[in-house]
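Q: I have a model open on my screen and would like to learn how to read its side-chain contacts. Could you walk me through them?

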Amino acid sequence: MMMPTKLFPTTLVGSYPQPDWLIDRQKLAKEMPARIRAQELWRVAPEWLEQAQDDATILAIRDQERAGLDILTDGEMRRESYSNRFATALEGIDLENPGTVVSRTGRKNLVPRVVGPVRRKYPVQVRDVQFLRANTDRSIKMTVPGPFTMSQQAQNDFYETEEALAMAYAAAVNEEIKDLFAAGADTVQIDEPYMQAQPEKARQFGVKALNRALDGVLGATAIHLCFGYAALVQERPSGYSFLPELAECPVQQISIETAQSSLDCSVLLKLPGKTIILGVLDLSTHEIETPEIVAGRIRRALPFVSPERLIVAPDCGLKYLPRNVAFEKIKAMVEGAKLVRSKIDMGPAVAQA
């Protein structure tokens, strides 16, 4: 499947709202994202859960298609959080006796406790890609948690350093990414929110771990950095504490928030040659953006990045929004991208950066 060739293709960052019949959304909204397994969130008995998750994935695919998105995800219907499904499937983790770490919000969280060499036992998300590929003819993207972020969401009782732990996670992610491309993914996105939350550590070994995760990977890759789910983290900085550092890494696409934070898009000048997945939906509110508001947020970036290097997306995952709100927001996003696309001169680029 080829990537869309039109200007400003649209996509999700990853997640889409899970149906209330599938997961306890009230409980989900009251707790921080799970780092260990959270089976109590599911409303469906274990013997029927995979079938129910498949049905929910079909709903997510059809909503994306009806809204007009160009690059589809599976909505992460099978996940309790963006990271725990992969992180808890690895060797070297004691799932029965979890550890604790302080989260980016200052709360103590139960996390995987690393007690041995971290290795991937089997492909974790290959079936997810195969299912998505079989149920849409559009370009598809799969997301995986990043090695640096997983290293910050674990209690390390085995490796001598956090860097060594991150590099072990990176090797596991590298194997998974290669299998995801082999299974039919057009793009694989690595979620690394903790690079923004822990910028000093990220400078020490975060990019090194990312490079290891991408070693030998041939497909289109993306990285997502965010300020946390808007439903759970209300405070927003005015800019990224870690972003230009990604300029030299081999990842082709960089996904950032700009809507809720009214980000100064001039920072994009520091990422020459990268495709930018531009967050243009404010997920802190249920208010539906108009296409004109979305178009204005896209245009804010155009002085700093050429149109052919922009993909349009929400700020972050849509997981915590009501489904009807999420659907109307992504419809407005598609229409906003159309507005800007219709007025772009297909001659010289608006800006070269």
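Q: By about how many helical turns are Lys331 and Glu328 separated in helix H10?
A: This is a predicted model, in which local features need pLDDT of at least 70 and side-chain atom pairs count only at pLDDT 80 or more, while totals for chains, interfaces and linings use all residues. Residues are numbered from 1 along each chain as its sequence is written, and side-chain values use heavy atoms, with hydrogens and water left out. Now to your pair: Lys331 and Glu328 are separated by about one helical turn, because they sit three residues apart in helix H10 (residues 323-343). Helices (H or I, at least four residues) and strands (E, at least two) are DSSP runs, numbered from the N terminus.

Q: What do the side chains of Lys331 and Glu328 meet in?
A: Side chains of opposite charge can pair when their charged atoms come close. Here the two meet in a salt bridge, 3.9 Å from N to O; the term asks for a side-chain nitrogen of Lys or Arg within 4 Å of a carboxyl oxygen of Asp or Glu. Lys331 is partly exposed at 34% relative accessibility. The scale runs from buried (under 20% relative accessible area) through partly exposed to exposed (over 50%), with a 1.4 Å probe and protein chains only.

Q: How many salt bridges does the structure hold?
A: There are 30 salt bridges. One of them joins Arg113 and Asp157, at 3.1 Å from N to O. Arg113 belongs to strand S3 (residues 108-120) and Asp157 to the loop between strand S5 (155-156) and helix H6 (162-182), so this pair ties together parts that are 44 residues apart in sequence.

Q: How many aromatic pairs are there?
A: A pair of aromatic rings is described by the distance of the centres and the angle of the planes. This structure holds two aromatic pairs. Rings of Phe, Tyr and Trp (its six-membered ring) pair if their centres lie within 6.5 Å; planes under 30 degrees apart are stacked, over 60 edge-to-face, and the rest tilted. Phe148 and Phe205 have ring centres 5.4 Å apart and planes at 55 degrees, so they are tilted. Phe148 is in helix H5 (residues 147-152) and Phe205 in helix H8 (residues 199-213), so they link parts 57 residues apart in sequence.

Q: Is Phe148 buried or exposed?
A: Phe148 is buried, at 0% relative accessibility, and Phe205 is buried too, at 5%. In the pair of Phe158 and Tyr159, the centres are 4.9 Å apart and the planes at 90 degrees, so the pair is edge-to-face.
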